Amino acid sequence: MYSFDPTEEQQMLIDAVKKYAVNDLRAAAHEAEENNELPKKLINKGWELGLLQASIPEAYGGFGERNAVTGVLALEEMAFGDLAGTLAVTTPSLFATPILLAGSEEQKQTYLPKIVEGEWRPYTAALIEYTFDFDPNELKTSATHHGDGYVLNGEKAFVPFAKDAESLLVYAKLDGQSQAFIVGKDAVGLIVNEEREQLMSLNALPLYRVKLDNVKVPASNRLGGESGHDFDLILASMRVANASVAVGVANAAFEYSKNYAKEREAFGMKIAQKQAIAFMLAEMRTEIEAIRLLTWEAAWKLDNGRDDAINEAYLASIGAADMAMMVTDRAVQILGGHGYIREHPVEMWMRNGRGFAMFTGLAIV
């Protein structure tokens, strides 16, 4: 059995992240969404919390060990403040964590210290593809053997900070398997769209379309070296992260709508006392708690190398996508007409909630 009580170190981290989420991210979220930009100092302040640094061993410039449970606890708290800000702060993890999990020793020594020892820099990853039937295990982007290296061809969508990225971790199909390749920003054939992606939400997060036109990479730039890596573990870590940020956003919507219902009066009584509203809030809370526990369990199984961790991560991710959409939609309903105006954050959370079905690849634990 495992404990539901965080360790002293985890609690300290959770408290620090929650303070940042509420006092900094939440306070800046509306303006950032409207202006399509997150202040750099806001990202830097989140980076200084050391979430990634605490998951990297000292041998590679960090000061801790990776722990998926700690990761989901921190991501949920941060996403409670703002999703776009959370994904921005943790973008370098998309590059660093797969290298930590599956990279060769040379790759770890080369990249991890330069990422974690300095200020936040836009190292990123490109997994998602712009297809209606996108499946991370059936990528359209291809990698083919070429001499002593590989050639990448395809198109990627929703790549955070791609325009300014130092390096990208690009996922492609090689010999029937999804594999990752390190691509430098100056690689010939790497084309980043000038215009940012136009989405329903995440307007504050700079996301770009990226094309790969016969991009050549050496064999040493294949994640794990010439022998490659197990993509399932990386994908499961992304799915658990996606579930945890969905729980954070849903919980934010729940708490806001609950507090509103306890204060708002209609026909001489608080609307929270109305049975329809009370039942709605109860169902929202139940679904949040169910997916939270499923996410924690999936993270614990990843940490302990359980054989069913991959399946559990998938269940957590798809369950979280449905839960987040339901909870954020109900939050808008509870606020009534106020829920539809941008003065209240629930409309933004609902737009965020719609996207979790396709956000796998934007966060990792």
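How are H1 and H2 oriented to each other, roughly parallel or roughly antiparallel?

**Entry 1: ground rules.** I am working on a predicted model, where local features need pLDDT of at least 70, side-chain atom pairs count only at pLDDT 80 or more, and totals for chains, interfaces and linings use all residues. Residues are numbered from 1 along each chain as its sequence is written, and side-chain values use heavy atoms, with hydrogens and water left out.

**Entry 2: H1 and H2.** I took helices as DSSP runs of H or I with at least four residues, numbered from the N terminus (strands are E, at least two). I looked up H1 against helix H2 (residues 40-47): the angle is about 160° and the axes are 11 Å apart. Axes here are lines fitted to C-alpha atoms, for helices over the stretch in contact, and angles run from 0 to 180 degrees between N-to-C directions. H1 and H2 are therefore roughly antiparallel to each other. My cut-offs: under 35 degrees is roughly parallel, over 145 roughly antiparallel, 65 to 115 roughly perpendicular, and the rest oblique.

The crossing of H1 and H2 is left-handed. That term applies if the near helix is turned anticlockwise from the far one by less than a right angle; clockwise gives right-handed. On the H1 side I listed Tyr20, Asp24, Leu25 and Ala28; on the H2 side, Leu42, Ile43, Lys45 and Gly46. Contact means heavy atoms within 4.5 Å. By class, I noted 5 nonpolar, 1 polar and 2 charged residues. Ala, Val, Leu, Ile, Met, Phe, Trp, Tyr, Cys and Pro count as nonpolar, Asp, Glu, Lys and Arg as charged, and the others, Gly among them, as polar.

**Entry 3: H5 and H6.** Next I checked H5 with helix H6 (residues 105-116), which pack at about 150° with axes 10 Å apart. Their crossing is left-handed. Pro92, Phe95, Ala96, Ile99 and Leu100 of H5 meet Gln107, Lys108, Tyr111, Leu112 and Ile115 of H6. I get 8 nonpolar, 1 polar and 1 charged in this contact.

**Entry 4: H7 and H10.** Helix H7 (residues 231-263) and helix H10 (residues 346-355) cross at roughly 150°, their axes coming within 10 Å. H7 and H10 are therefore roughly antiparallel to each other. I recorded a left-handed crossing for H7 and H10. H7 brings Val249, Ala252, Ala253 and Tyr256, and H10 brings Val346, Trp349 and Asn352. The contact holds 6 nonpolar residues, 1 polar and no charged.

Entry 5: I used a 1 Å grid over the protein atoms alone: a cavity is a set of points where a 1.4 Å probe fits but cannot get out, a pocket is an open set with protein on both sides within 12 Å along at least five of seven lines, and lining residues have an atom within 4 Å of a point. Grid points are joined across faces, edges and corners, and a volume is the space filled by probe spheres set on the points.

The largest pocket holds about 440 Å³. It has 23 lining residues, with Leu13, Leu51, Ala54, Ser55 and Thr70 closest to its centre. H1 (8-35), H3 (68-81) and H5 (91-102) each give two or more residues to the lining. H3 has the largest share of this lining, 4 residues. I noted 10 nonpolar, 10 polar and 3 charged residues there.

I found 1 cavity of 30 Å³ or more. The largest cavity has about 50 Å³. Gly46, Trp47, Gly50, Leu51, Leu52, Gln53, Val89, Thr90 and Ser93 line the largest cavity.
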